[in-house]
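Consider how side chains meet in the structure below.

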Amino acid sequence: MAFITSNWNPLGEAFYRKSELYEMNWDLKDGLTDSLVAAAPYGGPIALLREPQRRSPSSRPQLEIYSASGVPITSFAWKSGPVVQLGWTVSDELLCVQQDGSVLIYDLFGGFKRHFSMGQEVVQSHVLQAKVFHSPYGTGVAILSGSARFTLAANIDDLKLRRLPEVPGLQGEPSCWLVLTQDRQTKVLLASGPELFILDNTSCTAVVPPGLGPQAGNIIHMAVSFSYKYLALFTNTGHLWTGSSNLQDKLREVDTKKTTPPKQMVWCRRPKSQQPSVVLMWDRLLLVAGTCEDTIQFPMEEKCVLVGELDGVRVISSRSQELLQEVPLVCQDIFKIASMAPGALLLEAHREYEKSSQKADEYLREIKEQSMLGEAVAQCVEAAGHEYNPITQKSLLRAASFGKSFLTDSTPDRFVATCRELRVLNSVRDSSVGLPLTHTQFKQMTLQVLLDRLVYRQFYPLAMEICRYLKIPDYQGVSRVLKHWASCKVQQKDLSDEAIARAVCLKVGDSPGVSYSDIAAKAFECGRTELAIKLLDFEARSGEQVPLLLKMKRSQLALSKAVESGDTDLVYTVVTYLKNEMNRGDFFMTLRNQPVALSLYRQFCKHQEQETLKDLFNQDDDHQELANYHVSASYREKRLDSRLALLQGAVDEYNKAKNEFAAKATEEKMRLLRFQRKLDEEKGAGLLGLSLQVTIETLLALGLHKQAEQLYRDFKVPDKRYWWLKLKSLAEKEEWEELEKFSKSKKSPIGYLPFVEVCMKSNNKYEAKKYVSKVMPEQKVRAHLAVRVGRTCPLWSPW
């Protein structure tokens, strides 16, 4: 185990180790000198701008983006203004803060996304310094202008600029400053000589770090921890003060014996850290100072860049990348010399077992006697997660598996989960991928964010393999990856529309959760309309096809798809869109080619737009429907003249349609209306608008028998119907003499049994007996029965 602890360095009660992550794949001839460098946390990409102040038109600065392992991702000549600071957002987008206050945002592959300004005042006074920081609100930018004023944006995705108050007595640049996030507020902490000030939205407050006296000198450098909980201050006398970021508590003050300002100062601590420390870098020295008097010093051969992480510090040089971190306590317990921890004994027992040595049994017995076998297994599993070397991981996991076989009540869940997570981590740590995540960072980041980063960097096969290996549901895993892959595929300009559509169909197939309409929308955004239409052919849901086709101005195709779907709401949606977009003539011609859509639109117009319906019939020369429209419209008119005019129009249209029956019926309706108006004027009968039968009934009820007779003759009302109407009317008014005269006027077309029954209905047996003798022989029995019993039998109705 000596080789594992060979790079451990003691600091107080803890140990620190510096492990190599990568030999960098880039080829930097001049190293990192005269370059602006920004590396994203959580093993993120590295941006490098060479000679940022060079402004020669013939030789512009070069902006290069690499993976964490130094694999080139993209590079391009910087053609904009002088850059003051580079930084990365939480979603791996590159921020370039220019001297004029403009902030340009690029994606990982160098594609320009957008820009914003830090204010008009900054344009005139220029940016002296800038910092990109992460807060609970997102990624923020803070700048110091030439007028010694700070401007801050806490979240660039919801841009709200805040100009902080002036600092009393500050002339020019402060000696150092940084951004703090406390109590969901973003503030600026700055030093001017030995004095410290905190700037918030409304005030500038002088503060004094506890335990830092005037003899410590001027503060020339400061650093805040990854979690914003701890603060480090470095003075020109070489003193390093560490404490809480709210300046309420002091951890330690260490004399580093260095009076020159460090190039960089970064906190190095892990969650549940025993010995939080600060890493300071000078030209040839890397110094680690904790909360004890001791320090660790590492010599340096070239310029490096320090990147603060959740559980350590990445040290990036032109040749390699290393991770400096505190050795986790569980790893110390297992690997430190002469350790008698349960995990150390179990690891040794497994080694002896592999040698077929009886010492394995002795170690196991010792662990069992202390009843610590379960803890030993847990220690080995936990330590395997913290180790970066796959060989060490396997050794610890095999020891854990060996010890687990002697336990009767252990659950394999944690062991299996760790094995799977390490396999995923080892895959993404590979130099070709370049995501040097520790297990602690991975748990903090979550699996979904890791998959998003792989997809964003276009490592689609690896992302899908991870999803399948971890058995992630398709809609969260493989399907999401395929959707992003397809969205990138449609942007490839070197392939034809047919080739891309075929490739997408073969790859995506019927994968759940992947919408071809979303892919087609991306193709349309890229200006590839024909490709978008081909992709929409694979979309099974018409409700997703049609809106995009309308957006692409392919209204004819959208209407066809809507009709094919059988969804009337969808058809109405398309028809409404076409109506608003087209002139009326083209709109009607389009509908004529789609009978189903035309029929539905007619139904709509019947209820909502009557005038449009008329225009539609005129456009089609549909005389029959146009006549029907006039008839229907006549019933909505209150004035008789207007009603008659509409009915006359209906007659003309029926004649054009050669519908003689309808034309004649309409003319008779007009004749009836005129007759009703005449009677209303003469008698005030209130007949207008009634049907022929109701009109006759009303006339008979009013005793206007001559007028009823006239209607009967003029409109050729069937005899049976008229006799029934008059029979009922006379019986209801109990005009029995008139009824008898009516029965003798001529032979009854309905027979005489109805006379008997209407009399009995009025309980008049006397009148009923008058008609019994006239009843036909086969109906006499029923007539006599009705008179004797004194109730009516069911009437025989002629219609």
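A residue is called buried under 20% relative accessible area, exposed over 50%, and partly exposed in between, with a 1.4 Å probe and protein chains only. The model is predicted, so local features need pLDDT of at least 70 and side-chain atom pairs count only at pLDDT 80 or more, while totals for chains, interfaces and linings use all residues. Residues are numbered from 1 along each chain as its sequence is written, and side-chain values use heavy atoms, with hydrogens and water left out.

Both Asp92 and Arg457 are buried. Their side chains form a salt bridge at 3.5 Å, N to O, the term meaning a side-chain nitrogen of Lys or Arg within 4 Å of a carboxyl oxygen of Asp or Glu. Asp92 lies in the loop between β7 (83-88) and β8 (94-98), and Arg457 in the loop between α10 (447-456) and α11 (460-469), 365 residues apart. Helices (H or I, at least four residues) and strands (E, at least two) are DSSP runs, numbered from the N terminus.

The structure holds 26 salt bridges. Another of them joins Arg163 to Glu121, with the closest N and O atoms 3.6 Å apart. This pair connects strand β14 (residues 161-163), which holds Arg163, with helix α2 (residues 120-125), which holds Glu121, across 42 residues. Arg163 is partly exposed at 43%, and Glu121 is partly exposed at 25%.

Arg149 and Glu166 also meet in a salt bridge, at 3.3 Å from N to O. Arg149 is in the loop between β12 (138-145) and β13 (150-153), and Glu166 is in the loop between β14 and β15 (176-182), so the bridge ties together parts 17 residues apart in sequence. Arg149 is buried at 14%, whereas Glu166 is exposed at 55%. Through shared partners, salt bridges join Asp92, Arg453 and Arg457 into one network.

Turning to the rings, Phe, Tyr and Trp (its six-membered ring) pair if their centres lie within 6.5 Å; planes under 30 degrees apart count as stacked, over 60 as edge-to-face and the rest as tilted. The count comes to 13 aromatic pairs. In one of them, Trp8 and Phe15 have ring centres 5.6 Å apart and planes at 50 degrees, so the pair is tilted. Trp8 is buried at 9% relative accessibility, while Phe15 is partly exposed at 23%. Phe76 and Tyr106 are tilted as well, because their centres are 5.4 Å apart and their planes at 35 degrees.
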